[in-house]
Amino acid sequence: MSTRIKKRLLFIVAILGASFRLSAQDTLLEHYIREAFTRNQGLQQRNFQLDKSLYALQEAKSLFYPSVSLEGDYTRAAGGRTIDIPLGDLLNNVYSSLNQLTGSNQFPQLKNQSVLLNPDNFYDAKLHTTLPLINTEIWYANKIRSESISLQQATVNVYKRKLVKDLKTAYYQYYQSCRAVEIYNAAMLLVDENIRVNKSFIANGVTNTTALTRSQAEQQKIITNITSAENQRTLSKAYFNFLLNKPLNDTILLDSTTFATASLLPVADTSTITKREELQQLEQQKKIAGLQYKQYNSYLVPKLSTFLDLGSQGFNWSVDNKTRYFLWGVHLQWDLFTSGQQKHKAQQAAIEIKTVDAAYNEIYSSLQLALTTAYNNYHTAVANYQNAQTQLALSEKYYRDQFKVYKAGQLLYLELLDAQNQLTNARLQVAVAFAGVQTSMADIELQAAAYQL
């Protein structure tokens with residue numbers, strides 16, 4: 001085994017060991033993540049959709065229980081069709097004969113009657129109760145709503161996992177921007193020292209004003225860089241607070257222990273991809289499509305329900321034993337022929353199942369590729385960080401040596417300025433590379449579904 005490979009393995013082991021030690025301490029960033037879970041607007045919208053799915057399931061379950069409604073009708077009528085009843089023609093001759101036989105007027109003469117078919121001053125009030133006994137449509141609707149909850153929960157977790165990665169990336173970028181401001185301020189101190197030395201040289205007649213003018217120009221350049229770095233820091237802070245749904249200029253606390261070493265590197269195992277919520281979403285979509293397929297194919301199962309009416313009906317708002325009633329029965333609906341409507345719907349659901357299967361295979365492959373890419377990016381970031389540290393150590397030594405020679409009057413200022421710029425750039429590269437390591441590890445955490453939601 002080569003020395004380079006041994007160093008690489010020792011470095012990764014050191015990362016893992018330090019990460020385990022820091023897992024209990026690294027609570028500040030975790031606190032921000034939990035805060036984002038409760039405050040982020042995008043996540044709240046998806047939680048609202050989840051709540052909506054839960055209520056939809058309760059609605060589907062309620063269809064299995066009786067429904068009771070109060071119903072009433074009242075009618076006033078005049079005109080329209082009538083029924084003619086010839087009472088006078090039928091009974092008056094008989095009544096006249098009876099009056100003669102009895103010598104009385106006990107039997108009056110009757111008029112022919114004309115009765116309206118439309119009821120006038122008539123009411124009908126009842127409690128109408130219905131209960132489904134056999135209904136596959138309701139049963140499948142309940143199962144579909146139940147699976148929709150799992151689908152929506154997976155959607156929430158997809159957003160949560162992406163939010164964790166975005167939040168960590170924003171946190172590291174803010175750290176990087178803060179380090180850039182510090183590095184440029186440190187560079188300003190070096191320039192100020194160069195200006196002091198150059199003024200001393202001029203006062204002692206060692207050199208002319210050219211070096212001083214050049215160092216003052218460099219001072220203005222660094223002032224511009226500081227302004228740019230501060231603006232970047234402000235933007236990074238605003239984006240981080242945006243993810244937290246907090247005021248954009250709210251203070252962000254940086255935990256030094258978070259950046260002391262790299263975070264825990266998940267095991268490079270592509271089987272963890274099956275934990276990804278994107279695949280769970282597709283699995284739920286497939287289940288829902290399968291239930292819809294069965295639902296459409298169950299149309300030949302008859303629907304059976306029962307009903308019960310308890311009420312009163314009569315004229316002139318009278319209520320007594322003659323007006324009160326109950327009515328019970330069963331209702332059967334059997335769709336024997338629907339012109340192929342349900343069959344065509346079932347075929348659509350079958351195609352949806354095939355579509356989801358194809359999407360699952362495609363996304364699974366893309367997630368494998370993303371995980372492999374994330375690991376490669378991590379190793380590249382680690383190598384860049386190691387190289388940046390080496391360059392920084394060399395640049396620091398080179399600047400110290402050049403500054404000593406310059407103070408001795410044996411070096412041109414442009415050579416010292418070159419060493420100073422190398423040092424500043426090396427410090428910036430270390431900050432960028434270190435943030436790159438952290439960001440690449442956050443990407444691995446996302447792709448391997450390693451973060452415990």
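**Exercise 1. Find the largest nonpolar core and say which elements build it.**

Solution. Start with the term: a nonpolar core is a set of buried Ala, Val, Leu, Ile, Met, Phe, Trp, Tyr and Cys residues joined through side-chain atoms within 4.5 Å. Buried here means under 20% relative accessible area, with exposed over 50% and partly exposed in between (1.4 Å probe, protein chains only). The largest such core has 34 residues, and those with the most contacts inside it are Tyr378, Tyr385, Tyr399, Tyr406, Tyr413, Leu416 and Val437.

Two or more residues come from each of helix H5 (136–203), helix H8 (341–407) and helix H9 (413–447). H8 gives the most, with 13 residues.

Before going on, note that this is a predicted model: local features need pLDDT of at least 70, side-chain atom pairs count only at pLDDT 80 or more, and totals for chains, interfaces and linings use all residues. Residues are numbered from 1 along each chain as its sequence is written, and side-chain values use heavy atoms, leaving out hydrogens and water.

**Exercise 2. Which residues does Tyr399 touch, not counting residues up to four places away in sequence?**

Solution. Contact means heavy atoms within 4.5 Å. With that cut-off, Tyr399 reaches Leu190, Asn194, Leu416, Ala419, Gln420 and Leu423. Then look for a second, separate core: that one has 26 residues, including Leu163, Ala170, Leu243 and Leu244.

**Exercise 3. How do H8 and H9 pack?**

Solution. First the geometry: axes are lines fitted to C-alpha atoms, for helices over the stretch in contact, and angles run from 0 to 180 degrees between N-to-C directions. The H8 and H9 axes come within 7 Å and cross at roughly 160 degrees. Angles under 35 degrees count as roughly parallel, over 145 as roughly antiparallel, 65 to 115 as roughly perpendicular and the rest as oblique. So H8 is roughly antiparallel to H9.

Now the hand: a crossing is left-handed if the near helix is turned anticlockwise from the far one by less than a right angle, and right-handed if clockwise. H8 passes H9 in a left-handed crossing.

Last, sort the contact residues. Ala, Val, Leu, Ile, Met, Phe, Trp, Tyr, Cys and Pro count as nonpolar, Asp, Glu, Lys and Arg as charged, and the others, Gly among them, as polar. For H8 with H9 you get 26 nonpolar, twelve polar and five charged.

**Exercise 4. Work through the loop between strand E3 (113–116) and strand E4 (122–134).**

Solution. Asn121 sits in this loop and has a positive phi of about 55 degrees, although it is not a glycine. Most residues other than glycine have a negative phi. Asn121 counts as buried, because its relative accessibility is 13%.

Asp120 is also placed in the loop between E3 and E4, but at 32% relative accessibility it counts as partly exposed. Its C-alpha is 8.9 Å from that of Tyr74, 46 residues apart along the chain. Setting aside neighbours within four places in sequence, Asp120 is in contact with Thr75, Arg76, Ala77 and Phe315.

Key. Helix = DSSP H or I, 4+ residues; strand = E, 2+ residues; numbered from the N terminus.
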